[in-house]
Amino acid sequence: MTRPLLTFLALALMPFASAAAKPSHPEATVISPQRLSDDVKTLASDAFAGRAPGTAGEDKTIDWLVGRLKAIGLKPGGPDGAWTQPVPLVRTQLGEGTITAAGAAQSLTLTQKRDIYLSTVRAADQVRIASAPLVFVGYGVTAPERGWDDFKGVDLKGKVAVFLINDPDFEAKAGEPVAGKFGARRMTYYGRWTYKFEEAARRGAIAALIVHDSPGAGYGWSTVTAPGGENYDVASAPNRVALQGWLEGGAASRLFAAAGLDLAAQRVKARSADFRPVELGMALSADLPVTHEALMSRNVLARIDGRKRAKEVVMFGAHWDAYGQGAPDAQGRTVRPGANDDALGVAGLLEIARAFKQGKAPDRSLVFAFWTAEERGLLGSETYATRPVYRAADTVANITLDILQTGGPARDVMLVGQGQNSLEDDLAAAAARQGRVVTPEALPERGLFYRADHFPLAKRGVPTLLFMAISGAPDLAKGGRTAGQAWLDGYMRCYHQTCDEWSEALDFGSAAQDVALAYRVGRDLAASARWPQWSEDSEFRQIRAKDGR
């Protein structure tokens with residue numbers, strides 16, 4: 001993209017101005033597509049080595065971030081007046097070894113990354129599983145409030161739990177009793193892989209495997225295998241299964257066939273509340289070396305003090321980490337640079353901070369959080385949520401940028417988590433000032449509301465707003481949704497891969513549109529005494545109510 005075009009877009013994106021109305025506030029500021037581009041180009045360069053936690057790439061990223069925040073004029077926002085918050089982690093790397101599934105009649109060798117993908121978060125030198133029985137647990141959901149229990153009291157101690165991804169009603173057809181019992185095509189937390197691994201550990205399973213399918217997971221097999229056997233966890237994590245991972249769809253079908261079962265038929269049975277776990281008559285054995293290390297990563301926190309209600313905080317968030325370096329791709333590239341996921345979100349937060357500093361100080365305080373280890377399971381934001389610098393009860397809202405639309409100017413902005421809280425009304429009002437509308441996510445089955453750094457805050461009752469462009473095809477000004485779908489498909493091929501890189505082909509003007517929306521929503525909250533509210537049927541409403549908000 002040429003500099004004259006970027007300049008034109010910057011002028012066109014002067015927040016909230018139009019031919020019919022002048023800006024309603026004196027500090028109207030440009031969100032600069034050129035600065036977004038420049039910052040992404042820097043963070044996604046080979047010099048930052050993919051920004052993996054606990055590496056030299058982290059040190060370089062933290063130094064760069066703190067330097068930029070100081071230059072903009074922000075104050076340290078971490079504990080005890082520091083720029084950073086410690087995040088103690090354990091890093092593991094599973095090595096090559098043997099993985100087999102054996103029954104009375106047949107034995108299958110499972111190849112890592114082709115048939116199965118495994119990792120561990122246990123700090124052990126070796127993981128050995130000897131003939132642990134495989135048990136199919138359907139969707140593996142226990143939801144008393146929905147009258148659902150897939151486990152029926154079956155003992156999983158020392159066994160391997162095999163799950164389906166997503167919710168029990170994800171594939172349900174109209175008229176089936178389960179239809180609409182969960183989120184239909186909108187994933188609930190019960191559908192997330194994190195929940196399933198946690199549930200397996202709670203029930204004493206030694207390992208947990210999820211059958212992969214792209215529609216239910218929301219991403220392809222290449223995304224599953226992208227970490228290459230590496231995993232992270234918080235250092236003080238509770239009990240975890242020894243091995244966790246996924247079965248490739250075809251391999252899962254072969255495994256069930258070896259057990260004398262039809263996986264497709266079992267999927268149908270799992271959609272019934274009468275489903276009971278099925279012993280496959282097959283046992284998993286694995287003998288895999290593990291390298292592990294304790295490491296200290298860091299969240300970066302900065303603040304702008306409020307003039308009138310400094311204790312009340314409006315928080316903006318993005319994650320600075322990406323996937324580091326991996327195996328060479330077809331072009332020999334090893335760095336997974338994370339340009340859009342989430343160097344662009346980081347650049348967007350810097351632009352928002354700059355916009356605020358160019359105006360008068362807000363009534364409420366602002367916190368800018370740059371999280372570590374999002375790609376490893378939201379570990380940086382979860383650490384913050386368990387050890388908050390600013391109480392959840394005092395946090396007005398969290399606004400998170402994580403993957404922005406770079407396909408071109410759009411007539412709409414995607415909303416993730418429709419119906420959760422009143423911030424979506426604020427977003428609609430801000431979008432209308434840009435001549436745009438809000439479109440609910442087109443792919444709710446991806447469970448994006450549970451997959452970004454706002455979620456640990458939401459679980460503590462803080463109303464959240466997530467900007468995540470992979471939630472559906474945008475309605476582009478040039479080409480409509482057909483062009484938007486082409487952009488989305490193209491990006492998903494690079495999701496977590498070496499090709500998520502800075503390019504002149506990226507339209508940072510369209511990203512700037514959405515950054516301006518995030519700024520506007522936060523600016524209005526920071527200038528008011530209003531507290532956003534969770535919806536009546538949100539699972540987080542009662543948590544907030546306990547805080548008297």
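Cys494 and Cys499 are tied together by a disulfide, with the sulfur atoms 2.2 Å apart (a disulfide here is a pair of cysteine sulfur atoms within 2.5 Å). The model is a predicted one, so local features are held to a pLDDT of at least 70 and side-chain atom pairs to 80 or more, while totals for chains, interfaces and linings use all residues. Residues are numbered from 1 along each chain as its sequence is written, and side-chain values rest on heavy atoms, with hydrogens and water left out.

Back to that disulfide: a search of the whole structure turns up one. The torsion about the S-S bond of Cys494 and Cys499 is about -115°, so the disulfide is left-handed. Cys494 is buried at 15% relative accessible area, whereas Cys499 is partly exposed at 26% (buried means under 20% relative accessible area, exposed over 50%, and partly exposed in between, with a 1.4 Å probe and protein chains only).

Next come the open spaces. The largest pocket has a volume of about 1,300 Å³. Of the 50 residues lining the largest pocket, Trp193, Thr194, Arg376, Gly377 and Leu378 are the closest to its centre. On a 1 Å grid over the protein atoms alone, a pocket is an open set of points with protein on both sides within 12 Å along at least five of seven lines, a cavity is a set where a 1.4 Å probe fits but cannot get out, and lining residues have an atom within 4 Å of a point. Grid points are joined across faces, edges and corners, and a volume is the space filled by probe spheres set on the points.

Several elements supply at least two residues each to the lining of the largest pocket, among them strand S5 (116-119), helix H6 (221-225), strand S11 (230-234) and helix H10 (379-386). Helix H4 (193-202) is also on that list, and H4 gives the most, with six residues. Helices (H or I, at least four residues) and strands (E, at least two) are DSSP runs, numbered from the N terminus. By class, the lining of the largest pocket splits into 23 nonpolar, twelve polar and 15 charged residues; Ala, Val, Leu, Ile, Met, Phe, Trp, Tyr, Cys and Pro count as nonpolar, Asp, Glu, Lys and Arg as charged, and the others, Gly among them, as polar.

The second largest pocket has a volume of about 550 Å³. It is lined by 25 residues, and the closest to its centre are Arg146, Thr188, Gln420, Tyr450 and Glu539. Its lining divides into ten nonpolar, eight polar and seven charged residues.

The largest cavity has a volume of about 100 Å³, and 13 residues line it, with Gln405, Val413, Met414, Ala469 and Asp514 nearest its centre. Strand S17 (residues 412-415) brings the largest share of that lining, three residues. Nine of the lining residues of the largest cavity are nonpolar, one is polar and three are charged. The second largest cavity holds about 70 Å³ of space, and the largest share of its lining, three residues, comes from S19.

Gly461 sits in the loop between H12 and strand S19 (464-467), and is buried, with a relative accessible area of 0%. The C-alpha atoms of Gly461 and Ile543 are separated by 5.0 Å, although the two are 82 residues apart along the chain. Neighbours within four places in sequence aside, Gly461 is in contact with Trp534, Phe540, Ile543 and Arg544 (contact means heavy atoms within 4.5 Å).

Finally, there are 38 salt bridges, each a side-chain nitrogen of Lys or Arg within 4 Å of a carboxyl oxygen of Asp or Glu. One of them pairs Asp39 with Arg68, the closest N and O atoms being 2.6 Å apart. This pair links distant parts of the chain, with Asp39 in helix H2 (residues 33-43) and Arg68 in helix H3 (residues 56-72), 29 residues apart. Asp39 is buried at 4% relative accessible area, while Arg68 is partly exposed at 21%. Glu351 and Arg354 form another salt bridge (2.3 Å, N to O). Because they are three residues apart in helix H9 (residues 339-357), about one helical turn separates Glu351 and Arg354.
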